[in-house]
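I opened the notebook with the model loaded beside it and went through the helices, the sheet and the cores in turn. Here is what I looked up, entry by entry.

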Amino acid sequence: MVFARTLGKSYEKVGNAYHFGRTDYPQKLINDIVKLSGIQKDSLLLDIGCGTGKSTLPFVKKGYKILGIDISQDMLRVAKRISRKYETAQYKKISFENAKLPQGSFDLLLFGSSIHWTDKTITYKKIVELLKKDGTVAIFWKLIDHDSNKFLLKIRSLFVKHCPGYYHAAPSKTRAKRSVKIVTERLIKSNYFTKPIVKKYASLETYTKKNFVNLVNSYSWVASLNKRNKDVFLHELGKIMYNETKTIKIREKFYLIIAKLK
């Protein structure tokens with residue numbers, strides 16, 4: 001299955017489902033970004049594809065000034081709501097490719113589960129342009145291990161059956177290795193960054209049935225379905241979930257790739 005960047009438009013519909021269905025990034029990951037980037041209290045951060053603020057709020061809470069950009073007004077509406085008591089958070093509806101931002105002005109650029117939605121022919125060049133000297137880019141994402149239990153394998157079979165846009169059918173380990181390789185190679189080939197540091201994190205998360213449905217509804221390949229096909233999909237999902245206990249435990253893995261300008 002070929003990844004289609006046009007699926008990103010489906011996020012205009014799923015702000016609440018995304019926020020309540022997606023778990024937070026591990027605090028250890030956030031702390032490592034702060035430590036490895038060397039950002040200071042007066043540093044300026046840019047969060048690209050910030051969505052509902054899952055990758056923005058952890059830094060805002062630490063007192064950093066940050067601008068979050070995204071193409072989904074629905075996602076930004078949630079981000080603004082959860083950040084309303086923090087003066088250092090700002091948000092703007094615009095794509096990374098079209099954003100007119102002052103060059104050499106950011107100490108840290110964040111891509112939290114978003115770099116695959118950007119145009120690779122523009123992204124890496126623009127990262128270099130926007131960062132200050134010795135600035136840092138942090139690229140991180142979550143991977144649900146669908147291979148870890150029978151329930152998740154059934155859910156993946158539904159995606160394969162009903163969602164034309166589904167592109168994650170390969171085993172989780174294979175996809176993880178491929179993603180890490182692609183990102184690190186692009187950073188290295190740009191010839192502007194020091195050797196990228198790759199770190200991994202793991203957690204066992206507990207979902208209520210409601211939040212698991214929110215998680216599924218937040219996926220682009222589900223959100224992009226028309227009403228009829230989505231109703232059929234959700235009906236079959238309900239049948240699979242009927243015999244599950246009140247909570248669902250899922251092993252999640254997180255990957256961080258971080259590099260500084262030379």
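**Entry: helix α4.** I looked up which residues of α4 (residues 73–82) are buried, and found Asp74, Met75, Leu76, Val78 and Ala79. Buried here means under 20% relative accessible area, exposed means over 50%, and partly exposed is in between, with a 1.4 Å probe and protein chains only. Helices (H or I, at least four residues) and strands (E, at least two) are DSSP runs, numbered from the N terminus. These buried residues of α4 pack against α1, β2 (65–70) and β3; contact means heavy atoms within 4.5 Å.

**Entry: ground rules.** I noted that this is a predicted model, in which local features need pLDDT of at least 70 and side-chain atom pairs count only at pLDDT 80 or more, while totals for chains, interfaces and linings use all residues. Residues are numbered from 1 along each chain as its sequence is written, and side-chain values use heavy atoms, with hydrogens and water left out.

**Entry: the sheet.** I traced an open sheet of seven strands with mixed pairing, in the order β3-β2-β1-β4-β5-β7-β6. Two strands pair if DSSP finds at least two bridges between them. β3 (89–93) and β6 (197–208) are the edge strands, each pairing on one side only. From one strand to the next the twist averages 20 degrees.

**Entry: strand β5.** I then asked how β5 sits among its partners. β5 (residues 131–144) runs antiparallel to β7, with nine bridges joining the two. On the β4 side, six bridges join β4 to β5, and this pair runs parallel. Eleven of the 14 residues of β5 are buried, so the strand is largely enclosed by the rest of the structure.

Helix α5 (residues 120–130) packs on the sheet and touches β1 (44–48), β4 (106–112) and β5. The direction of α5 makes about 135 degrees with that of β5. Axes are lines fitted to C-alpha atoms, for helices over the stretch in contact, and angles run from 0 to 180 degrees between N-to-C directions.

**Entry: Asp47.** Is Asp47 buried or exposed? Asp47 lies in strand β1, and at 0% relative accessibility it counts as buried. Not counting residues up to four places away in sequence, Asp47 touches Ser55, Thr56, Ile66, Leu67, Gly68, Ile69, Leu110 and Gly112. I also checked Asp47 against Ile66: they are 19 residues apart in sequence and 7.1 Å apart in space, C-alpha to C-alpha.

Entry: Most residues other than glycine have a negative phi. Asp134 lies in strand β5 and, at 45% relative accessibility, counts as partly exposed. Asn191 is not a glycine either and has a positive phi of about 65 degrees. Asn191 is found in the loop between α7 (172–190) and β6, where its 53% relative accessibility makes it count as exposed.

**Entry: the cores.** A nonpolar core is a set of buried Ala, Val, Leu, Ile, Met, Phe, Trp, Tyr and Cys residues joined through side-chain atoms within 4.5 Å. The largest has 30 residues, of which Phe159, Cys163, Phe212, Trp221, Val222, Phe233 and Leu237 touch the most other members. At least two residues each come from α1 (15–21), α6 (150–162), α8 (209–218), α9 (220–223), α10 (227–242) and β7 (247–260). α6 gives the most, with five residues.

I listed the contacts of Phe159, leaving out residues up to four places away in sequence: His146, Tyr166, Val216, Tyr219, Trp221, Val222 and Phe233. A second, separate core has 29 residues, including Phe96, Ile115, Val183 and Tyr255.

**Entry: packing on α10.** α6 and α10 pack at about 165 degrees with their axes 11 Å apart. That makes α6 roughly antiparallel to α10; angles under 35 degrees count as roughly parallel, over 145 as roughly antiparallel, 65 to 115 as roughly perpendicular and the rest as oblique. Among the residues that meet here are Phe159 in α6 and Phe233 in α10.

For α8 and α10 I noted an angle of about 145 degrees, with the axes 12 Å apart. Phe233 is again one of the α10 residues involved, and Phe212 is one of those in α8.
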